[in-house]
Amino acid sequence: MNEHLSAWTERESMAEAMIPLIGRLYRKNNVVTSIYGRAIINQSVIGILKAHRFVRQVEHSELSVHDTLPILETLDKLDLGRAHIDIGKLAVRYKEQGNGRSLEDFLREEVGEVIGKYQEQCHEESCRDTKDVVLYGFGRIGRLLARILIEKAGGGNNLRLRAIVVRPGGAENDLEKRASLLRRDSVHGSFKGTITVDQENSALIANGNFIKVIYSDGPDTLDYTEYGINNAIIVDNTGKWRDEEGLGLHLKSKGASRVLLTAPGKGDIKNIVYGINNGDIAEGDRILSAASCTTNAITPVLKAINDEFEIVDGHVETVHSYTNDQNLIDNYHKGSRRGRSAPLNMVITETGAAKAVAKALPELKGKLSGNAIRVPTPNVSMAILHLNLKKDVTVESVNDYLREMALHSELQKQIDFVNSPEVVSSDFVGSRHAGIVDAQATIANGNRLILYVWYDNEFGYSAQVVRCVNQMAGVTYPIFPSRVR
């Protein structure tokens, strides 16, 4: 028994030694470190150890801190430039492909592109090379976007959340109430950091970020330059305007340069699912949509399956958590069935996600139908993909392929993979992937395939939105190890 405790204590000690290395690489070099897609920045000792243990689900053995600590120590000495580096994958690759090389020689080859590229970060207002971001609306998605943007601000010159725009006419203590909603969340837990209310300047100060709170009756009535905000990307979280005419109102406000809608766009607006068609984002695009949470969840998996096995046709059924659009108790609602109490009922409703897939993935146009069931959970949803393929498949062949896609493909940020018989919806709260394939639930019979894809319809979607904003702002990171083994 003492042996187990001694081994645990040793692992704790090594994880503690990793924390300052992770922090220094992030804040000094703007290097984001992760373990098999799980970011380890600002994690506790236990969080780091759990990230190591997760690896056994995908590599069939637990990753050891004995393998990853030396990688961090070596990276810390290499004068790195901005990058995303997965130290877990590097550790496994070194075991498999080290071929007798020293760890430093191996890492110099793997991340050579950014070695010696370090540029000292300037934190003065006059020289920070940031892109201003304004959140128009501060509901469920708006507050999660704020959390992610504030978290990322600590790594150097990236996106900078400058302002939040909300409707006037709130309570006298409006700022305190909005700060409290950012600080405490019944689903996602408490904010990681500190938040101060600056009443005099109508602002929130979150982890040192000064965020102006602007009260406005309309998107075209603002002058952002009054607050030192210029060429800002406006992220509209309200869903009130979804066509070019309505969203174009934002561009009439001085200091606004581009608009991103966090809902499906109508008309000719490009609906972007990051990882799929973000290459369609052109410099001249002034208004874009980040599509819906469900479209983001299913499109990457559908693309992966279509690329390998070719989809003939299929049906998408979403089992979706209730949203703020529904009623807490029975009351009038313009939509069919949605007037009934959300916490007490399963509610059949429509979804446009199946058709919307074709906007990001034209090769599936006309091949998918879809429907939705709203269920009494506050967050995390599931998409069930019933697919007819052009070739016969087995559970093992499909799962092995999707596991590889989740770990080593261009879609590794979008597709996650879990192979536990015990997971339930709450286990995926906070997931930053667009969707998570549940390998234990996969069904295959000849050319018929059924996949179950979990997704945090709030946080996972917000992460996809931020990825779109990054590209719109020209903020990109090389990713290591290379995605193709």
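# Helix packing and strand pairing in a predicted model

Ile-141, Leu-144, Leu-145, Ile-148, Leu-149 and Lys-152 of helix α7 meet Phe-459, Tyr-461, Ser-462, Ala-463, Val-465 and Val-466 of helix α13, where contact means heavy atoms within 4.5 Å. This is a predicted model, in which local features need pLDDT of at least 70, side-chain atom pairs count only at pLDDT 80 or more, and totals for chains, interfaces and linings use all residues. Residues are numbered from 1 along each chain as its sequence is written, and side-chain values use heavy atoms, with hydrogens and water left out. Helices (H or I, at least four residues) and strands (E, at least two) are DSSP runs, numbered from the N terminus.

**Helices α7 and α13**

- The contact of α7 with α13 comprises 10 nonpolar residues, one polar and one charged; Ala, Val, Leu, Ile, Met, Phe, Trp, Tyr, Cys and Pro count as nonpolar, Asp, Glu, Lys and Arg as charged, and the others, Gly among them, as polar.
- Helix α7 covers residues 140-153 and helix α13 residues 459-473; they pack at about 55°, with their axes 9 Å apart. Axes are lines fitted to C-alpha atoms, for helices over the stretch in contact, and angles run from 0 to 180 degrees between N-to-C directions.
- That angle makes α7 oblique to α13, since angles under 35 degrees count as roughly parallel, over 145 as roughly antiparallel, 65 to 115 as roughly perpendicular and the rest as oblique.
- The two helices, α7 and α13, have a right-handed crossing, meaning that the near helix is turned clockwise from the far one by less than a right angle.

**The four-stranded sheet**

- Four strands form an open sheet in the order β2-β1-β3-β21, with mixed pairing; two strands pair if DSSP finds at least two bridges between them.
- At the edges are β2 (38-39) and β21 (479-480), each pairing on one side only.
- Strands β1 (residues 31-35) and β3 (residues 83-86) run parallel and are joined by four bridges. Ser-34 has Asp-86 in β3 as its bridge partner.
- Helix α5 (residues 87-97) lies across β1 and β3, at about 50° to β3.

**His-84 in β3**

- His-84 sits in strand β3 and is buried, with a relative accessible area of 15%. Buried means under 20% relative accessible area, exposed over 50%, and partly exposed in between (1.4 Å probe, protein chains only).
- Leaving out residues up to four places away in sequence, His-84 touches Val-32, Lys-413, Tyr-477, Pro-478, Ile-479 and Phe-480.

**Strands β17 and β18**

- From β17 (residues 415-418), Ile-415 and Phe-417 point one way and Asp-416 and Val-418 the other, and all are buried.
- Four bridges pair β17 with β18 (residues 435-438) in the parallel sense, and Val-418 has Asp-438 in β18 as its bridge partner.
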